[in-house]
Amino acid sequence: FFFFFFFFQAEDGIRDAQESRGLGDVYKRQIMNNALAHKDLPVYGDGMQIRDWLYVEDHCKAIDMVINEGIVGEVYNVGGHNEKPNIAIVKTIIKYIGENVDDKVSEDLIKHVKDRKGHDRRYGIDPQKIKDDLNWYPETMFEQGIVKTIKWYLENKEWMQNVTSGSYQEYYKKMYDNK
């Protein structure tokens, strides 16, 4: 499995990673669908909120390593060493789709919306302990994982429709309409 199949924000849980193919939160899944449908791509504020992206397979390997080799009661932060601002993720998706799927998809679709109150500018953790104690480090860097992830989503459009319909649309309207 991969990030969208496989990249997700490192602070997100494994359950969400499995259900979302690693994309993390519903916002990132909607970026794919909106781009393919030539709809606005909402970006909070200036889009410079930084997140650490981790390929889900790497996350799963880290969890397995902690379970099998870690010390009971210890805390191991798992980080992707792939910190990127949200706007870079959106532009990466746009670029891939524009070059490989639909040349009408461009950065013109980006719509900056009012930032949420209290929205963190950066989520950061120190993953040094898992590297030092368990010799774990992610194998997949962002540039490779994002392409595999986008391809997976493109090959699984029905799955994408299921996770971005119904109650999600209500959430989406609540979060982005009139902002």
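## Charges over aromatic rings

In this predicted model, the charged end of Lys129 sits over the ring of Tyr76, 5.2 Å from its centre, where a charge sits over a ring if NZ of Lys or CZ of Arg is within 6 Å of the ring centre and within 35 degrees of the ring normal. The charged end of Arg51 likewise sits over the ring of Tyr123, at 3.7 Å from the centre of that ring.

## Aromatic pair

A pair of aromatic rings is described by the distance of the centres and the angle of the planes. Rings of Phe, Tyr and Trp (its six-membered ring) pair if their centres lie within 6.5 Å, with planes under 30 degrees apart counted as stacked, over 60 as edge-to-face and the rest as tilted. By this rule the count is 1 aromatic pair. The rings of Trp152 and Tyr153 have centres 5.5 Å apart and planes at 75°, so the pair is edge-to-face.

Trp152 counts as buried because its relative accessibility is 11%, buried meaning under 20% relative accessible area, exposed over 50% and partly exposed in between (1.4 Å probe, protein chains only). Tyr153 is also buried, with a relative accessible area of 1%.

## Gln49 and strand β3

Gln49 lies in the loop between β2 (41-44) and β3 (50-55), strands being DSSP runs of E of at least two residues, numbered from the N terminus. Gln49 counts as buried, at 0% relative accessibility. A polar atom of its side chain lies 3.3 Å from the backbone oxygen of Tyr44, and the side chain of Gln49 also makes a polar contact with the side chain of Asp115 (3.3 Å). A polar contact is a pair of N or O atoms within 3.5 Å; within protein, one must be able to donate a hydrogen and the other to accept it, and residues adjacent in sequence count only if both atoms are side-chain atoms. Leaving aside residues up to four places away in sequence, Gln49 touches residues including Lys84, Pro85, His119 and Arg121, contact meaning heavy atoms within 4.5 Å.

In β3, 5 of the 6 residues are buried. β3 pairs with strand β4 (residues 83-85) in the antiparallel sense over 3 bridges, pairing requiring that DSSP finds at least two bridges between the strands. The bridge partner of Ile50 in β4 is Pro85.

## Confidence and conventions

The mean pLDDT (the predictor's confidence in each residue, from 0 to 100) of the protein chain is 80, and 79% of its residues reach 70 or more. Over residues 1-24 pLDDT stays under 50, and the model has 111 contacts beyond four places in sequence for this segment.

Residues are numbered from 1 along each chain as its sequence is written, and side-chain values use heavy atoms, with hydrogens and water left out. As this is a predicted model, local features need pLDDT of at least 70 and side-chain atom pairs count only at pLDDT 80 or more, while totals for chains, interfaces and linings use all residues.

Notes:
Helix = DSSP H or I, 4+ residues; strand = E, 2+ residues; numbered from the N terminus.
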